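Colleague: Please take a close look at the ligand surroundings. Keep it brisk, and give me the cut-offs as you go.

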Amino acid sequence: MNKQIITLPGDGVGKEIMESAKVVLNTIASEFGHQFTFHQHAIGGDAIDQFGTPLPEDTVKACTHADAVLLGAVGGPKWDIQPAHLRPERGLLGIRKSMGLYANLRPVKAMKPLLHASPLKQELVENSDILIVRELTGGLYFGQPSERRNNGKAVVDTLAYERVEMERIIDTAFQSAQQRRKHLTSVDKANVLESSRMWREVVEEKRKDYPDVTVEHLLVDAAAMKLITDPNRFDVMVTENLFGDILSDEASVLTGSLGMLPSASVRADGVGLYEPVHGSAPDIAGTGVANPLGMILSAAMMLRHSFQMGNEAFEIEEAVQTALEQGFHTPDLNIAGGTLVGTEELTEIIIENLTTKSVSNSICSMYA
Ligand code: NAD
Ligand code: IPM
Ligand code: MN
């Protein structure tokens with residue numbers, strides 16, 4: 001198959017990990033007889049520097065016509081002083097909105113070799129396997145334009161949702177639950193927010209269409225606590241935009257590092273933008289130690305969701321798992337023992353695992 005992929009490396013470690021994803025995808029292409037053509041475009045701070053805007057028209061146009069989009073990360077201290085409409089993050093929000101990518105799927109799975117990497121007790125994280133379904137194009141992120149009022153002494157951000165926006169993401173979550181362990185946790189703040197009360201009503205209405213799925217409602221504060229005290233109670237978790245943003249970074253602790261989490265931002269027809277959950281990590285950018293696995297696993301999600309290449313995606317996931325079993329890891333994974341490697345070395349090990357198992361075994365003993 002021939003596929004045109006838009007790459008948006010963005011800022012900080014985004015540029016470094018994008019290289020890893022491309023090499024891995026090229027290896028998969030030659031192993032499986034596909035052709036992936038990459039077209040790089042600017043977004044975020046990088047686009048501000050080149051074109052004076054975080055989301056150039058050309059980038060939007062390219063993404064609209066692509067088979068899929070891969071995004072690294074945007075942002076960094078260099079651009080924190082920009083006025084709001086010129087912040088790098090506006091580029092990311094803008095591309096999600098203009099492509100209509102309302103469903104952000106964030107799988108959180110504790111991998112066996114990384115059970116010791118979590119600061120949580122091993123028996124707690126063991127077997128945790130959660131899909132966070134985050135609404136992506138509504139809520140506080142996209143209300144009325146934010147304003148400073150009263151000579152700068154007051155400020156307003158608005159949380160706005162259309163019922164139809166709730167219906168479509170809640171449908172996505174129910175359908176995902178049907179493909180998994182058939183349990184849905186809806187997270188809201190219905191004891192305070194009107195939007196959450198509408199959210200609950202929609203969940204209650206929709207559950208009649210999915211009788212095989214069990215449903216529970218949790219308030220977001222309690223959900224944040226249960227996520228790390230009892231992660232195994234969760235299968236699919238559905239929530240609005242900001243809650244989903246916060247809870248997914250929290251959930252990454254189960255996997256050992258924020259650098260491990262992939263995500264897919266999709267819409268009903270399967271078009272998608274694939275991006276790790278983490279940001280541009282300015283504290284480690286340029287040092288060559290960024291964990292590329294969240295990005296590489298996002299590329300695997302792209303193969304599965306947008307290209308129906310389930311076997312190819314599985315190969316990547318296996319190669320990642322094998323590298324971790326061999327003990328290779330970047331410094332964000334706090335594991336005693338094993339072999340500390342940088343972004344490029346870890347990527348090379350994954351490539352070798354993808355091509356020849358025997359070579360990777362000999363590399364393993366070389367590093368041991
Ligand atoms: P961050 O996710 O960039 O970093 C948080 C912490 O996790 C840092 O200590 C960082 O070193 C570590 N980390 C993140 N990714 C890592 C990786 N792949 N390997 C190893 N360690 C990793 O969050 P932040 O520091 O709060 O934000 C920095 C910038 O990134 C901000 O401008 C923010 O707006 C932006 N941001 C962008 C995205 C995105 O583009 N999707 C997501 C989150 C934050
Ligand atoms: C994420 C990020 C973004 C978000 C920011 C950078 C706009 O935190 O993708 O999780 O809040 O959606
Ligand atoms: Mn986030």
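Modeller: A residue is near a molecule if one of its heavy atoms lies within 4 Å of it. This is a predicted model: local features need pLDDT of at least 70, and side-chain atom pairs count only at pLDDT 80 or more, while totals for chains, interfaces and linings use all residues. Residues are numbered from 1 along each chain as written, chains are lettered from A and ligands numbered from 1 in written order, and side-chain values use heavy atoms, without hydrogens or water.

Start with ligand 1. Around it sit 20 residues, and V74, E89, G279, A281 and D283 come nearest. Sorted by class, that shell holds nine nonpolar, seven polar (Gly among them) and four charged (Asp, Glu, Lys, Arg) residues. Now the polar contacts (N or O pairs within 3.5 Å). A polar side-chain atom of E89 is 2.5 Å from a ligand 1 oxygen. For D283, again through a polar side-chain atom, the distance to an oxygen of ligand 1 is 2.7 Å. S280 uses a polar backbone atom, 3.2 Å from an oxygen of ligand 1.

Oxygen atoms of ligand 2 meet polar side-chain atoms of Y141 at 2.6 Å, R96 at 2.7 Å and R106 at 2.9 Å.

Notes
A polar contact is a pair of N or O atoms within 3.5 Å; within protein, one must be able to donate a hydrogen and the other to accept it, and residues adjacent in sequence count only if both atoms are side-chain atoms.
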